[in-house]
Structures are given as C-alpha cells and as structure tokens.
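Good morning, colleagues. Please take a moment with the sequence and the model on the screen before we go through the cores, the charged pairs and the pocket.

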Amino acid sequence: TIHYENPKPTATLICPKENSILLGRRAFDPGKGEWGLPGGFMELNETLEEAAQRELKEETNLDGDMIQILGTCSHYGSIFGDILLIGLVIKINDWSHMKEGDDIYDLQFFDIKKLPNLAFDCHQKIVSLYKNA
C-alpha cells in the first residue's frame, strides 16, 4: 500500500477595498496577536471556492465571490504539517455586515502600500502576488 502524506491546502484571501486590503489579527497560535490574511484550511468534499466563501463568512461575517487565483506558497513543517496556501482575490458584495469571528479578533483595512508585518512569510508572498497582478 501507498500512504500519501500530502500538504494541507488553504484558501488564503485578499479582500480589496479601494487601495486597501482587509487583515485580521489572529486569535490563536501560530501567530497569535499578529496580522494575517483571512482564510483557512479546505475541508473534505469542499471546492476551493466553497472553502474561500466558508472561511470568509466564519472569520469576517462577509459574503463574496472568488474572482482570481493569484498563486500558491508552500510552508513546510508547521504546527499543522506541510501547508499549501492558495492565494485568492475575493470581491465583497456588501461590507456592512463585517464582524470578527472564528480565529480573528480584530479586522482592519490597511493601505496596500503601508501594511503591518504579517504573521507568515507566505501571507507576504500572496500580498506580493496581488500587488504584481
């Protein structure tokens, strides 16, 4: 028998609003208290788009549509094992229901040119992919 030990895929979200993007302050480790992109692990029997919409709702109480796949970043040997982050651009339909939830305790918009330090190198890479898209 073959036993595959594959990386765990995530939907990692860029939610733009004018010249800013939405960041969340992480409520738990890894990166507790640091800023990061909304998103999280895909679940079984879930498409990438479904994962993006579910994570968006869980962490921000927002609804949106995936409009672009930016690219990927691999993170090896983390707390959760190897991770494949899939960067996505999400168009938010209505910002008025925004509220922190799940793994996030603070949500703020940051000018894309004046971002704080991000919790993970892969989040920074996905932001760079967005800036260069």
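By buried I mean under 20% relative accessible area, by exposed over 50%, and by partly exposed anything in between, with a 1.4 Å probe and protein chains only.

Before I continue, a word on the basis of these values. This is a predicted model, in which local features need pLDDT of at least 70 and side-chain atom pairs count only at pLDDT 80 or more, while totals for chains, interfaces and linings use all residues. Residues are numbered from 1 along each chain as its sequence is written, and side-chain values use heavy atoms, with hydrogens and water left out.

Helices (H or I, at least four residues) and strands (E, at least two) are DSSP runs, numbered from the N terminus. The angle about the S-S bond is -70 degrees, and the link of Cys-73 and Cys-122 is left-handed. Both Cys-73 and Cys-122 are buried.

I turn to the nonpolar cores. In soluble globular proteins, nonpolar side chains tend to be buried together. A nonpolar core is here a set of buried Ala, Val, Leu, Ile, Met, Phe, Trp, Tyr and Cys residues joined through side-chain atoms within 4.5 Å. The largest has 16 residues, and those with the most contacts inside it are Ile-14, Ile-21, Leu-23, Leu-37, Ile-126 and Val-127. Two or more residues of this core come from each of strand S3 (20–26), strand S6 (64–78), strand S7 (81–92) and helix H2 (121–131). Apart from it lies another core, of 15 residues, among them Leu-13, Leu-48, Ala-52 and Leu-107.

What does Ile-126 touch, leaving aside neighbours within four places in sequence? With contact taken as heavy atoms within 4.5 Å, Ile-126 meets Thr-12, Ile-14, Leu-37, Leu-70, Leu-85, Ile-86 and Gly-87.

Strand S7 also holds Ile-83, which is buried at a relative accessible area of 10%. The C-alpha atoms of Ile-83 and Thr-10 are separated by 7.3 Å, although these residues are 73 apart along the chain.

Next, the charged pairs. The structure holds 6 salt bridges, each a side-chain nitrogen of Lys or Arg within 4 Å of a carboxyl oxygen of Asp or Glu. One of them joins Arg-25 and Asp-106, at 3.9 Å from N to O. Arg-25 lies in strand S3 and Asp-106 in strand S8 (residues 104–111), so this pair ties together parts that are 81 residues apart in sequence. Arg-25 is partly exposed, at 23% relative accessibility, whereas Asp-106 is buried, at 19%.

Arg-54 takes part in a salt bridge with Glu-46, at 2.7 Å from N to O, and in another with Glu-58, where the closest N and O atoms are 3.3 Å apart. Arg-54 and Glu-58 both lie in helix H1 (residues 48–60), 4 residues apart, about one turn of the helix. Salt bridges that share partners join Glu-43, Glu-46, Arg-54, Glu-55 and Glu-58 into one network. Within it, Arg-54 is buried at 17% and Glu-46 at 16%, while Glu-58 is partly exposed at 33%.

Is Glu-55 buried or exposed? Glu-55 is buried, with a relative accessible area of 6%. Residues up to four places away in sequence not counted, Glu-55 touches Gly-39, Gly-40, Phe-41 and Asp-102.

Finally, the largest pocket holds about 480 Å³ of space. A pocket is an open set of points on a 1 Å grid over the protein atoms alone, where a 1.4 Å probe fits, with protein on both sides within 12 Å along at least five of seven lines; lining residues have an atom within 4 Å of a point. Grid points are joined across faces, edges and corners, and the volume is the space filled by probe spheres set on them. Of the 27 lining residues, the closest to the pocket centre are Arg-26, Pro-30, Phe-41, Phe-80 and Phe-120.

Notes:
A disulfide is a pair of cysteine sulfur atoms within 2.5 Å.
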